Amino acid sequence: MSITAVIGSALKAATVLLGIGIGKITIIPVLIATLAYFNYDLMDPENHPHVTKELRKEYDFVVVGSGSAGSVVVNRLTENPEWNVLLLEAGGHETEITDVPILSLYLHKSKVDWKYRTQPQDSACQAMVDRRCCWTRGKVLGGSSVLNTMLYIRGNRRDFDQWESYGNPGWGYEDVLPYFKKSQDQRNPYLARNTRYHATGGYLTVQDSPYLTPLGVAFLQAGEEMGYDIRDINGEQQTGFAFYQFTMRRGARCSTAKAFLRPIQLRKNFHLSLWSHVTRVLIDPLTKRAYGVEFVRNGRKEIVHAKKEVILSAGAINSPVLLMLSGIGPRAHLEDLGIPVIQDSPGVGQNLQDHIAVGGLAFLIDYEISVVMNRLVNVNSALRYAITEDGPLTSSIGLESVGFISTKYANQSDDWPDIEFMLTSSSTNSDGGTHVKHAHGLTNEFYNEVFGKINSRDVFGVFPMLLRPKSSGYIRLKSKNPLEYPLLYHNYLTHPEDVAVLREGVKAAIAFGETSSMRRFGSRFHAQPLPNCKHIPLFTDEYWDCAVRQYTMTIYHMSCTAKMGPPSDPMAVVDPELKVYGITGLSVIDASIMPSITSGNINAPVIMIGEKGADLVKARWT
């Protein structure tokens, strides 16, 4: 491909993705996309998987959704050459921009995002437009692994032992650890030697960040000052501090599409259909057997049959939505919408859990070392990225270190922390009030009053994330029209203990910024009172109780909406083998099936669910 063609392709892709006119687009994102694409085209031996033009009328397995679980499921099922598998994805291919780690926020509200927004609620997201949280979800091959910040966090061993204690045999920590390792190609040689917890040779590349600022090491030193050890937080113990690890490869994003689908594109038993929006699962109402799916492609309604199983891997929003559209869900709700009830399953769409953090805790520093976009995103860094596959463009929007800490509400003698510090060499103001504000849905008024005076200033950020929320939301259909977006109710901070834990997390973050390790950089908290809380004295518990409800930042970990449980649990949607209760030939394998959310970023656990779920399906049909 000529460089002229590459530039044209990148310019077109950047224009479409950013959703703005050609005359308004800046040269730097175009240049980065151009060089990334040119570098990718020259160096990457794996092309995009080919789309199957002529689909069969019947497959052994039909998998809906190509995200962090679905890509894994398809890879593992097609290992059996006698099974043919169709993967249906509502979006299209990854783009030139999706590969560049620092540009992930450019993808929010683009064509690769479902662009979901929650219903207005008073308990949280008060700083957002219309008091609605923005729930970014990947509408693209690779799903949300194409839009996320690539953090590789497995969670706490207690999370999985708790799943087992709920009546889910085979889901304890020692049961799932081999599945974490099965996917992994650990590139840190120190960690790779610890074969108890890590492995090499898997499809998914896991590595340290190629780019760190001086703040990254200082974050670990500050953690030690607070009494925590530096450790492998995916190993024996979680409590402590570490550098983040990322699902990256050669300085670029390693989505699950890149990791699990591109290597199998030549398997003759793997068929792929993109821009295929599944509208319902076809179920025989008499036998209660799922026998296929209906989907819309190229403006036409199509049907494909499944001989063995339909597998929903559409994510914690779309999987329960599809179940309800297919007649599986709370009876009263389906009857209200005129959907014939095939299986009364009250747990569908219930138990919605997510991780939230307090956004905008920024600490000004005196050195030009942080990730300020207008300083680091330039021609030099673009060339460095294209040629050497490192430099500031490989930074995942400044995420460098992580700390798992216990507030006074957690058992201090136990290794089950309740707050995760996401430590960044950037904050909301680091791009001058452009993409971060837009991605998070902040109002102009809130942003200008709180951050306007520190636009593009050097800062670091501490995002205290609530690990085990007691508040849970729910999903409802707006109508029986499958193309109409569902109603999403987050219910954040409706449980008082969540407010208390998050408040203590904020206070710990302020103390973190006061450590001598951070004071070396001139660290000082940007103590601008928040608009709706100015009537309360700053730094009081009452002030923080107000503040956590303002810039309530989802970490995009929606889960638990079709939970796994034993037959005795009336709210369980799937059994411990991930089969949907009351329906044969139908499974759910994605974040929906979590009984409770894991303690940390959930991409790695969802990939694990894909690995274990695929093995369960194989065992049924071998």
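Reply: The answers below go through the terms by setting values against cut-offs.

Me: What kind of model is this, and how confident is the predictor in the chain?
Reply: This is a predicted model. The average pLDDT of the chain is 93, and 93% of the residues score at least 70. Over residues 1-25, however, the pLDDT is below 50, although this stretch has 38 contacts in the model beyond near neighbours in sequence. Where pLDDT is low, the predicted coordinates should not be read in detail.

Me: Why is Arg187 called partly exposed?
Reply: The relative accessibility of Arg187 is 44%. Buried means under 20% and exposed means over 50%, with partly exposed in between. The value for Arg187 falls in between, so partly exposed is the term that applies.

Me: Where is Arg187, and what does Arg187 touch?
Reply: Arg187 lies in the loop between β5 and α6 (189-192). Neighbours within four places in sequence aside, the contacts of Arg187 are Thr205, Val206 and Gln207.

Me: What makes the link between Arg187 and Asp185 a polar contact?
Reply: The side chains of Arg187 and Asp185 are joined at 3.0 Å. The cut-off for a pair of N or O atoms is 3.5 Å, and one atom must be able to donate a hydrogen and the other to accept it. At 3.0 Å the pair is within that cut-off, so it counts as a polar contact.

Me: How do you know that Ser596 is buried?
Reply: Its relative accessible area is 11%. Buried means under 20%, so Ser596 qualifies. Ser596 sits in the loop between β26 (586-588) and α18. Gln162, Trp163, Tyr166, Gln353 and Cys560 are touched by Ser596, not counting residues up to four places away in sequence. With Gln162 there is also a polar contact between side chains, at 3.4 Å.

Me: What makes β5 and β8 edge strands?
Reply: The open sheet has 3 strands in the order β5-β6-β8, with mixed pairing. β5 (184-186) and β8 (245-246) each have a single partner strand, so one side of each is left without a neighbour in the sheet.

Me: How do you know that β6 pairs with β5 and with β8?
Reply: Two strands pair if there are at least two bridges between them. β5 and β6 (residues 204-208) have 3 bridges and run in the parallel sense, and Asp185 stands opposite Thr205. β6 and β8 have 2 bridges in the antiparallel sense, with Phe246 in β8 as the bridge partner of Gln207. Both counts reach the cut-off, so both are pairs.

Me: Why is β6 described as largely enclosed?
Reply: Of the 5 residues of β6, 4 are buried, so the rest of the structure largely encloses the strand.

Me: Which helix lies across β5 and β6, and what covers its buried residues?
Reply: Helix α5 (residues 173-183) lies across β5 and β6, at about 65 degrees to β5. Its buried residues include Tyr173, Val176 and Phe180. Their cover includes β5 and β6, along with α4 (157-165), α8 (256-261) and α18 (603-621).

Me: What makes β12 and β13 a pair?
Reply: Strand β12 (residues 276-284) and strand β13 (residues 289-297) share 8 bridges in the antiparallel sense. The cut-off is at least two, so they pair. Val281 stands opposite Val293 in β13. The two strands form a hairpin with 4 residues between them, and Lys288 in the turn has a positive phi of about 55 degrees. β13 is also joined to strand β14 (residues 300-312), by 6 antiparallel bridges.

Me: Which residues touch the most other members of the largest nonpolar core?
Reply: They are Trp171, Val293, Leu323, Phe421, Phe512 and Leu586, in a core of 170 residues. Helix α15 (residues 496-513) gives the most to this core, with 8 residues. Apart from it lies another core, of 19 residues, among them Ile102, Tyr211, Val371 and Met373.

Me: What does Leu586 touch?
Reply: Leaving out residues up to four places away in sequence, the contacts of Leu586 include Val281, Ala290, Val310 and Leu323.

How values were computed
Residues are numbered from 1 along each chain as its sequence is written. This is a predicted model: local features need pLDDT of at least 70, side-chain atom pairs count only at pLDDT 80 or more; totals for chains, interfaces and linings use all residues. Side-chain values use heavy atoms; hydrogens and water are left out. A nonpolar core is a set of buried Ala, Val, Leu, Ile, Met, Phe, Trp, Tyr and Cys residues joined through side-chain atoms within 4.5 Å. Buried means under 20% relative accessible area, exposed over 50%, partly exposed in between (1.4 Å probe, protein chains only). Contact means heavy atoms within 4.5 Å. Axes are lines fitted to C-alpha atoms, for helices over the stretch in contact, and angles run from 0 to 180 degrees between N-to-C directions. pLDDT is the predictor's confidence in each residue, from 0 to 100.
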